[in-house]
Amino acid sequence: MFTQWRFFTLLEFLTLLLSISQSTTAHPHPEFPCKPPQHSSYAFCNTSLPISTRAQSLISLLTLDEKIQQLSNNVTPIQRLGIPAYEWWSESLHGIADNGPGVSFNGSISSATSFPQVLVTAASFNRSLWFAIAEAIAVEARAMYNVGQAGLTFWAPNINIFRDPRWGRGQETPGEDPMVAAAYAIEYVRGFQGENWNSDGSRREDNGVLEGSDDSLMLSACCKHFTAYDLEKWGEFSRYNFNAVVSQQDLEDTYQPPFRSCIQEGRASCLMCSYNSVNGVPACARKDLLQKAREDWGFKGYITSDCDAVATVYEYHGYVKTPEDAAADVLKAGTDIDCGTYLLRHTQSAIEQGKIQEEDIDKALLNLFSVQLRLGLYDGDPIKGQFGKLGPLDVCTQQHKELALEAARQGIVLLKNDYRFLPLNKSTVGSVAVIGPAAHNTSILGGGYTGTPCNPISYFEGLKEYIEKTSYAPGCLDIQCTVHNGLTEAIQNAKEADVVIVVVGLDLSQENEERDRFSLLLPGKQTDLISAVADSSKTPILLILTGGGPLDVSFAKDDPRIAGIIWVGYPGETGGQALAELIFGEFNPGGRLPMTWYPESFIHVPMTDMSMRPDPSRSYPGRTYRFYTGDNVYRFGYGLSYTNYTYSFLSVPDKLSLLGSSQKHRYNIRTLRQSIDGHEYVPVDEVESCDALRFHTKILVTNNGDMDGSQVVMLFSRMPATFRGAPQKQLIGFTRLNTLSHSATATSILVDPCKHLSSVNEHGTRILPLGNHILMLEGSEHSISIQT
């Protein structure tokens, strides 16, 4: 007994020594500037000086060649100043990803938490969840930086509008609504850049902006892709040569609001200009738009091109005559850094040809170095700094995995539940047949920009945890489903099982960066597979849909052989568990679609048409729920629950007066305008006090069913009916709240009329129409009159 005990402790001791040895070699110390004693006395290392002073000091020490070397994402070291190499490009869309060269999983950290793809997270309509996810990703990112496996500058979030259902990258976005995209951008950036962290490295718990705080950053987030970018490859058009022709009305009403909010309210430290041109000028050379971000929106950060977007100015768009012109144009427009090598190769000759001056480079470097200084890159050893304690033990934590699971629970959307088929009762289900090419493949869970997940669980594995007698058959070789693989086995399994679940849809072979879809139908023979299985099953089947892009599943929506439909999207590494929990009633589904699901006929609408508003004269139906006039398969905001809810207004004003009750807030009615329809409106920028018009809409949500639930409340508005060019309706507020069965819960949504009840006219001016505005909840409306 004594010998066994002694052997066990010796083995443990040797294992511990090996572990310590491995951790010593596997936790490389990140390289950093300002190392004592040789390189710590420079002014740019002096933390008591203002950021701008330190940045200017560093710029003054550089040669022209050294300055030019700073204009690429992969920056070479400046040995004489003790400044190591730096990689600007790291990715963190819904977890740390190795799409960019700044991140590596080859080290002491071999995986990171894979949260649901952004579109699924957006379906939760839960701001606090969005913030929490971004904050968790930031912890893992900073931990990876501390062991030399990531940078400090990450190029997320993607806040472009999911304008067209065929877009391969719509999955990466918060959906089609500019208000939702703006709200997501704010929460992501605030959470990721570390607004909840104190200077001593401790975390604040109030989840609010620290007013009056300094400009220090935990990490840098980047709002992309600026602007009107939402096409990869469609026919002869690609993202590299596409000219997005956008009206001033659509630009201000739809495409720009997320970026404005990301900068003004999120306080993002990076902006990425896109590949496409906007009205004939490549986005990275659009000085008016880039300077609008800095001068009008108060942007304080650096502007990077998308990768090789500087090259496309000349090589694809043919906007300029020489590569030197491209380099000069983007730098003078306000682009600070090139993700690529074009500026490295052509800036020197552009200076020699007199197209730009060294001062133009200095302006870019001031922005770049200022962000690095705010990140603490020149403050000495990062391990001794504010976030130096973060390391491998802070990655793939149980807390982060549970957060990923909760995000999947809240984002998955129940689309159909005939006969109250769901939830299933575990005690009455003897066997389950899981069928489909997406059912037992963990690589399908993450979607685009996914790194190496901690512990992914397939849908089949998740279901098998509930019902031991669970069979699996792919039915098709892969998602493309051009060949039925194991169809006979699938049919036989369906005949024998008590419950049949078919998992089909999309993966990255169908939609991805540089890959748009040409159809909204299920790929290949997936529909045939569903029909064959449904014919063989003893009971109606359950259909699970994967992927980000909307699908025309009208056949399944109306088919009595299909009792239920669930959209899981790309639910992240815990998707298999979350789906099984939903099916067996562990939680009450509450996700809502953040985009319209269009019928297949929508593919006849040119993907290149950027117009949001309908045009009957050319049979153009418009885009997104705000303007689209055609039929849909499922509407924006649609989602079912296992219980029944009713909504009512508790307290909301009947009218608002622009005259106000005091001289301080009095509005000058002589500046009223009339639209071409003869309706009166007020330009929003002429309202003297928008704050005085704000009001809270108090709402009562009643859970009439037998199950508690987390429910999304969506408040829409509709403008005076005949106001030309106005949206059919628009989302003006949302919240998510927990409800108890057979109980009522009150909530409140703040309405800012200048923001939420306004629209943009054909001149690109935001206006507040006078007259009756309708506030809408599901099943309830209230009229509010705006008067002078």
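Tutor: Two strands count as paired if DSSP finds at least two bridges between them, and with that criterion we can read the sheets of this model, which is predicted.

Student: What makes S6 and strand S8 a pair, and in which sense do they run?

Tutor: S6 and strand S8 (residues 277–278) are joined by 2 bridges in the parallel sense, and since the criterion asks for at least two bridges, they therefore qualify as paired.

Student: Why are strand S3 and strand S10 said to stand at the edges?

Tutor: The open sheet to which they belong has 3 strands in the order S3-S7-S10, with parallel pairing. Strand S3 (222–226) and strand S10 (302–305) each have a single partner strand, so one side of each is left without a neighbour in the sheet. From one strand to the next the twist averages 25°.

Student: What makes helix H9 a helix that packs on this sheet?

Tutor: Contact requires heavy atoms within 4.5 Å, and helix H9 (residues 287–296) touches S3, S7 and S10, its direction making about 155° with that of S10.

Student: Why are H11 and H12 called roughly perpendicular?

Tutor: The axes of helix H11 (residues 323–333) and helix H12 (residues 342–352) cross at roughly 95° and come within 8 Å. Angles of 65 to 115 degrees count as roughly perpendicular, and H11 and H12 are therefore described in that way. Residues of H11 including Ala 326, Ala 327, Val 330 and Leu 331 meet residues of H12, among them Leu 343, His 346 and Ala 350. The residues of this contact divide into 8 nonpolar, 3 polar and 1 charged.

Student: What lines the largest pocket, and how much space lies in it?

Tutor: The largest pocket holds about 1400 Å³ of space. Its lining comprises 46 residues, with Ser 261, Glu 265, Asp 752, Lys 755 and His 756 lying nearest the centre. By class, 17 of the lining residues are nonpolar, 13 polar and 16 charged. Among the elements that each supply at least two lining residues are helix H5 (127–146), helix H8 (257–264), strand S24 (743–751) and helix H21 (753–756).

Student: Which residues does Thr 608 touch, if those up to four places away in sequence are not counted?

Tutor: Thr 608, which is placed in the loop between helix H19 (575–583) and helix H20 (624–627), touches Leu 231, Trp 234, Phe 237 and Phe 242 under that condition.

Student: What makes Pro 157, Pro 423 and Cys 481 worth a remark on backbone geometry?

Tutor: Most residues other than glycine have a negative phi, and most peptide bonds are trans. Ala 156 and Pro 157, however, are joined by a cis peptide bond with omega of about 15°, and Pro 157 sits in the loop between H5 and H6. Leu 422 and Pro 423 are likewise joined by a cis peptide bond, with omega of about 0°, Pro 423 being in the loop between strand S11 (413–417) and strand S12 (432–435). Cys 481 is not a glycine, yet its phi is positive at about 50°; Cys 481 lies in the loop between strand S13 (470–473) and helix H16 (487–496).

Technical notes:
Residues numbered from 1 in each chain as written. Predicted model: local features only at pLDDT ≥ 70, side-chain atom pairs only at ≥ 80, totals over all residues. Heavy atoms only, no water. Helix = DSSP H or I, 4+ residues; strand = E, 2+ residues; numbered from the N terminus. Axes fitted to C-alpha atoms, helices over the stretch in contact; angles between N-to-C directions. 1 Å grid on protein atoms, 1.4 Å probe; cavity = no way out; pocket = protein on both sides within 12 Å on 5 of 7 lines; lining within 4 Å. Points joined across faces, edges and corners; volume = space filled by probe spheres on them. Nonpolar A, V, L, I, M, F, W, Y, C, P; charged D, E, K, R; others polar. Parallel < 35°, antiparallel > 145°, perpendicular 65-115°, else oblique.
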